[in-house]
Amino acid sequence: MPNFYTDTPSLKHHLHHPLMRRIVELKERDFRDKDAFDYAPADFEDAMDSYEKVLEIVGEICGEIIAPNAEDVDHEGPVVSGGRVTYAEGTQKNLDAVRKAGLMGIAMPRRYGGLNFPVVPYIMAADMVSRADAGFENLWGLQDCAETLYEFGNEDQHQRYITRVCAGETMSMDLTEPDAGSDLQAVMLKATYDEAEDCWRLNGVKRFITNGDSDIHLVLARSEEGTKDGRGLSMFVYDKRNGGVSVRRIENKLGIKGSPTCELVYRNAKAELCGERRLGLIKYVIALMNNARLGIMAQAVGICEAAYREGYKYACERHQFGKAIINFPAVYEMVALMRARTDASRAMLYETARFVDIYKALEDIARERKLTPEERREQKEYAKLADAYTPMGKAMSTEYANQNAYDAIQIHGGSGFMKDYTCERLYRDARITNIYEGTTQLQVVAAIRHVTTGTYLSRLRAYEALEYKPELESYRKRLTEMTDTYEKSVATVTEAKDSEYLDFMARRLVESAAHCVLGYLLLQDANKDDAFLKSADVYINYGESEIHKNMDFISKFNPDNLSSYRQEQNYTLDASL
């Protein structure tokens, strides 16, 4: 049976990035746990060996259990009865497997029963799980909620809840409501303090809640009477053991069917405050969403990998006109670009994960002692880079997951439209990735300020200054020219000093920056391993053409013509439609 870690060499390549030494150094705090926990590493090499062994276990579970269960889970799905959810049989087997392997608290500190893994190997596990079954990743990957509870909860909450997650219980983040989708400031689920019971009571409805019948919930609710914006919202912990929340229904979804997306009814449910009042959206949910977006990037990369493999395998096996269709240029171009998109998305995923690892480790150290001036500068720099790369990476990787899934079906032809083939499920599963945890359009809104403030340009010039092999010099020069074109396009738009025009062109600017970043990341990979050279070549060709296309549009566009695109308030549909 396949092992999803050992059959994907690029994972090991990214795990052994030079920055991992600094990440492990910060995460392990001079390996202080080695005397208290027999499974704690004694040095850097020991830590890396531990990550490798656990990732091999994850890869084995993905290849032998989760992936083979995926089709049945997709057909069976979860059901709701009496206000409670029952998972599909395959989903329960998947959960049993990861629980027995001790993988439910992979990123949590050892003192709570976790493995204390950095973000990079944790996200690698998510990458593999997503390739096996993107829907199951939505259950297992909600460990991000535990990370938020660890960051903002108190020690008593850590001991009572994080230990349970590490032992195998599940979590959910209850944010969205029927009248509050992306606009979370509109959340109205009411939180009222019960003085007699010394607790909070939650009343209202939540909708589109992933794994909504979980054991432990993080809930965004309105704690301040009379408020209507984000300043009146707080975050709460709800424990299913206390009752008061029922599942009204499970949504009938297009994809990720193994993951129950629930509508929840809160009826005087007992809850406790997490962190401080009024900071629920402003601070805690923003952190939670950023953590979740990295997880969705991993989900997208896993789908990219799965779709590429399905398309490539079929193209090699399917014969038309006397030869395998992989030999036709129209097909091998698609397959090559699918591989390049996958490698580029994965490079972005782990570059972002490394940034997150360093700033979060330093934040955690700051809870124990005062950071040195050098550490504060390091923390600030990596936090800025993580803030810049997360929305860009989420936007690009999820769009590429959709495109790879689309191309996999196209390669299969009519067969791809049938449920007999995995690519049909991948196509449906991919579609949600560029919607939830913030649509691609909202990622552009988050990323554009790093265009206008020069964060991306500064990073690109740093990539440009790196030393590359002589045989890669022509690619570096092309990427430099791509960066110059991107810089000119930014100047063209910003010089107009028109905010609506900037918003209109934001997607093109962010995408242009991303093509440069992804090209450089693949070139760095090829600089270390020739196996990435083909993807670097294909992607740089593709990115170069896309940047010139964007620049051509920007240079010819007259901002006065925005009214042609804007649908006015008095626009009405033709009665014949």
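**Entry 1**

I began with Arg 241, which at 61% relative accessibility counts as exposed; here exposed means over 50% relative accessible area, buried under 20% and partly exposed in between (1.4 Å probe, protein chains only). Before going on, I noted that this is a predicted model, where local features need pLDDT of at least 70, side-chain atom pairs count only at pLDDT 80 or more, and totals for chains, interfaces and linings use all residues. Residues are numbered from 1 along each chain as its sequence is written, and side-chain values use heavy atoms, with hydrogens and water left out.

Which residue does Arg 241 form a salt bridge with? I found Glu 169, with the closest N and O atoms 3.0 Å apart. For a salt bridge, I required a side-chain nitrogen of Lys or Arg within 4 Å of a carboxyl oxygen of Asp or Glu. Glu 169 sits in the loop between helix 8 and strand 3 (171–174), and Arg 241 in the loop between strand 7 (233–239) and strand 8 (245–250), so the pair ties together parts that are 72 residues apart in sequence. The helices (H or I, at least four residues) and strands (E, at least two) are DSSP runs, numbered from the N terminus.

Buried or exposed? Arg 29 counts as buried at 13% relative accessibility, and Asp 364 is buried at 13% too.

I also looked at Arg 461, which forms a salt bridge with Glu 464, the closest N and O atoms being 2.8 Å apart. Both lie in helix 14 (residues 455–464), three residues apart, about one turn of the helix. Arg 461 is partly exposed, at 26% relative accessibility. Elsewhere I traced one network, in which salt bridges that share partners join Asp 7, Asp 127, Arg 131, Glu 305, Arg 309, Arg 339, Asp 343 and Arg 346.

**Entry 1: helix 2**

Arg 29 follows helix 2 and has a positive phi, near 50°.

**Entry 2: helix 7 with helix 8**

Next I checked helix 7 (residues 144–152) and helix 8 (residues 155–166), which pack at an angle of about 165° with their axes 10 Å apart. The axes are lines fitted to C-alpha atoms, for helices over the stretch in contact, and angles run from 0 to 180 degrees between N-to-C directions. Helix 7 and helix 8 are therefore roughly antiparallel; angles over 145 degrees count as such, under 35 as roughly parallel, 65 to 115 as roughly perpendicular and the rest as oblique. Helix 7 contributes Ala 146, Leu 149 and Tyr 150 to the contact, and helix 8 contributes Gln 157, His 158, Tyr 161, Ile 162 and Val 165.

**Entry 3: helix 13 with helix 16**

How do helix 13 and helix 16 cross? The axes of helix 13 (residues 440–452) and helix 16 (residues 499–528) come within 9 Å and cross at roughly 80°, so the two are roughly perpendicular to each other. I noted Val 444, Ala 447, Ile 448, Val 451 and Thr 452 on helix 13, meeting Leu 502, Ala 506, Arg 507, Leu 509 and Val 510 on helix 16.

I picked out Ala 506, which is buried at 4% relative accessibility. Leaving aside neighbours within four places in sequence, Ala 506 is in contact with Val 444 and Ile 448.

Also in helix 16 is Glu 511, partly exposed at 22% relative accessibility. Not counting residues up to four places away in sequence, Glu 511 touches Met 396 and Asn 550.

Key. Contact = heavy atoms within 4.5 Å.
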